[in-house]
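Reader: Could you take me on a close look at one part of this model? I'd like the nonpolar core, and whatever connects to it.

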Amino acid sequence: MTSTLATRRSFVQRALGAALLDPKVYEEVEADRGANGQAAWVVALSAAAAGIGSVANHGPGGVVWYTLAALVGWYVWAAIAFAIGTRWLPGPYTRADLGELLRTIGFSSAPGVLRILAIFPQIAGFVFLISTLWMLVAMVIAVRQALDYCTTRRAIAVCAIGFPFYAVTLALSLILLGPWLI
């Protein structure tokens, strides 16, 4: 049934379903090996929206910077979640590969498209806070579905353990690449 759904659901429907936290959508993109490009587009669109939303602070170069940093961060985060989820905290049904995590985590970026609304300075902080929390919840669902966990607690643990590693990687990229791109 998943393959039938995958052929009927469009990119926009998938992105919207991921933003609405629909586990079926995450299962669908997990199983669809052809959805890697779609997942990359979701990450890029979300990051470009953040760049546009913060153009007043970072200028047009911020759009490029956010997009490149998000694409690199997406891969790094998926690799970290894969390592933690399959080696340190596997569940009884965990069977996953890096591509499955790339696809599901990529689609968990869908709520970030709302960051374009941060172009309005009065709501910018609120928009970034809400979209970040929403993306975090989506990421937990993405990890749960990709790693075939029976409970959400294990997915939360993977995200909690992995986030500091991801944050250090992101901070290093800001230090090393930020001045040239902005």
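Author: The largest nonpolar core has 34 residues, and Tyr-26, Trp-77, Leu-101, Ile-105, Phe-107, Val-143 and Val-158 have the most contacts inside it. (A nonpolar core here is a set of buried Ala, Val, Leu, Ile, Met, Phe, Trp, Tyr and Cys residues joined through side-chain atoms within 4.5 Å; buried means under 20% relative accessible area with a 1.4 Å probe, protein chains only.) Helix 2 (11-19), helix 3 (23-31), helix 4 (36-53), helix 6 (61-88), helix 7 (98-107), helix 8 and helix 9 (152-181) each put in at least two residues, helices being DSSP runs of H or I, at least four residues, numbered from the N terminus.

Keep in mind that this is a predicted model, where local features need pLDDT of at least 70, side-chain atom pairs count only at pLDDT 80 or more, and totals for chains, interfaces and linings use all residues. Residues are numbered from 1 along each chain as its sequence is written, and side-chain values use heavy atoms, with hydrogens and water left out.

Now zoom in on Tyr-26. Leaving aside neighbours within four places in sequence, Tyr-26 is in contact (heavy atoms within 4.5 Å) with Ala-18, Leu-21, Thr-104, Phe-107, Ser-108, Ala-138, Ile-141, Ala-142 and Gln-145.

Helix 8, one of the core's suppliers, runs over residues 124-146. Its 23 residues reach 32 Å from first C-alpha to last, close to the 33 Å expected, a span taken as 1.5 Å times one less than the number of residues. After helix 8 comes Asp-148, with a positive phi near 55°.

Methods:
Buried < 20%, exposed > 50% of the residue type's maximum accessible area, 1.4 Å probe, protein only.
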